[in-house]
Amino acid sequence: MYELIAGPLFRLPAETSHGIALGTLDRLHRLGLSGLMAADVRAPARPVRLMGLEFPHRIGLAAGLDKNGDHIDALAALGFAFLEIGTLTPRPQPGNSKPRLFRDRGARCIVNRMGFNNKGIAHAVARLEQRRSGIVIGVNIGRNRDTPVERAGEDYLECLRQCRGAADYVTVNISSPNTPGLRDLQFGEHLERLLEALKHAQAEHEAESGRYLPIALKLAPDLDDSEIRRICAALLTWQADCIVAVNTTLSRPDSLPRHIAEENGGLSGAPLTGLARRAVRAIKAEVGGSIPIIGVGGIMNGQDGRDMLAAGADLLQIYSGFIFRGPRLIGELADALGGYRAGD
C-alpha cells in the first residue's frame, strides 16, 4: 500500500507530497483502513521504561513530520511507540520562503530549511487535548525567529507553560540550523541560563500538579568532542532528563548529488548515519547511564538501528527513513531490536 501511494508522490515537489501523504493517512484512518499501512510490530516481552515513561518498544517518530499535532491518531496507528510533534513556537510563523524542502530518493536524503513553520503552541495543545490515542507524545519547542537570542528563554518557557499539561515529555530544540542564532544556545552562559530557567519551571510545575514532566535537549551533529564535553557537563550539572541526538547537519559529503549539495539547510537521511552515530557514542562516553539518549539521524534499516543502540542510544526516532521506506521500517527495526538492550 505504501509503495502504491509513495510512487506518484515522489514525482511531486517534496512539500506538496508531504501534505498530500499526511492528508491521505488521515482519510485512511477515519475510514478504519489504517491497518493497510500499519507496520507489523512485535513488541518485546517487557516494555522499555525511560524518563518515568513506558514505551511498548524503542521506535518513535522524530519531530518535523507532524509539526502541529494535526495527525497524531493516524500516525499512532502505524505502529510507533511514541511520537514527537513540532517544532512549535509561542506564536505561529510561516517559516522560510518556498521551495524549502528537497529530497533525493536514490541518495536517500532530505535537505530542509523550513524555519520552524508552525501554527503555534496553542494550536498544538488543542490538538493534543482532542486526540484519542494514548501513545506517548513529546512536544518539541523552539523560539520564534524574531525573538533575540538573549530572550530565547522566554519563548521556551512560554511553550513549556502552555504544553506542560498535555505533553508526556518536552524536547527543547537548540540545534536547528534554520533559525539564525539558535545553535548558540548550546554553549556557555546561553545554555546555563536556559537550563536553570527550564529546571526551575519544571520544579514549579511538579509542586503545583504533582506530576514530573521530563525535559530533553536536542543537540546538533556538527559538534566537536570538546563542545560535546562542555555541553554534557552542563546537562549533567542541571540533571537533564534526556538528550536527543541529533538534529540535521550543515555538512555536505562529497557523495551527495549536486542538486542536493547546493541547497542550503539541514541534511538528513543516509548521509547522516555515521555522523549521528559518532555523536551518540561521544555523548554516551560523557554521560554514561546518568542521562538517557534518544538516537536519531540516518536510521534507514534494522542494522542502523542496532548500531545506534550499540553506540549508546536507549530509544530511536526515525524521519527520513520513514519517508523513503514507509511503515515497514518500524516493523523491521522492532524485529531487529527485539530483546536487545542498550549496551549489549
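Which residues in α9 are buried? The structure examined here is a predicted model, in which local features need pLDDT of at least 70, side-chain atom pairs count only at pLDDT 80 or more, and totals for chains, interfaces and linings use all residues. Residues are numbered from 1 along each chain as its sequence is written, and side-chain values use heavy atoms, with hydrogens and water left out.

Helices (H or I, at least four residues) and strands (E, at least two) are DSSP runs, numbered from the N terminus. Helix α9 covers residues 273-287, which is 15 residues, and spans 21 Å from its first C-alpha to its last, close to the 21 Å expected at 1.5 Å a residue; the expected span is 1.5 Å times one less than the number of residues. The buried residues of α9 are T273, A276, R277, A279, V280, A282, I283 and V287. Here, buried means under 20% relative accessible area, exposed over 50%, and partly exposed in between (1.4 Å probe, protein chains only). An α-helix has 3.6 residues a turn, so residues three or four places apart point the same way. Among the elements that cover the buried residues of α9 are the strands β9 (215-219) and β10 (242-245) and the helices α7 (225-237) and α10 (302-311), where contact means heavy atoms within 4.5 Å. After α9 comes G288, with a positive phi near 55°.

Aromatic rings come next. Rings of Phe, Tyr and Trp (its six-membered ring) pair if their centres lie within 6.5 Å; planes under 30 degrees apart count as stacked, over 60 as edge-to-face and the rest as tilted. By this rule there are three aromatic pairs. One of them joins F55 and F82 edge-to-face, with 5.1 Å centre to centre and 75° between the planes. This pair links distant parts of the chain, as F55 sits in strand β2 (residues 53-55) and F82 in strand β4 (residues 82-88), 27 residues apart. F55 counts as buried because its relative accessibility is 0%, and F82, also at 0%, counts as buried too. The ring centres of F80 and F322 are 5.3 Å apart and their planes stand at 65°, so this pair is edge-to-face. F80 lies in the loop between α3 (72-76) and β4, while F322 belongs to helix α11 (residues 320-325), 242 residues apart. Both F80 and F322 are buried.

Charged side chains also meet. The structure holds 19 salt bridges, a salt bridge being a side-chain nitrogen of Lys or Arg within 4 Å of a carboxyl oxygen of Asp or Glu. One of these joins E15 and K98 (3.9 Å, N to O). E15 is in helix α2 and K98 in the loop between β4 and β5 (101-104), so the pair ties together parts 83 residues apart in sequence. E15 is partly exposed, with a relative accessible area of 22%, whereas K98 is exposed, at 61%.

Since R277 lies in helix α9 and D304 in helix α10, the pair ties together parts 27 residues apart in sequence. D304 is buried, with a relative accessible area of 12%.
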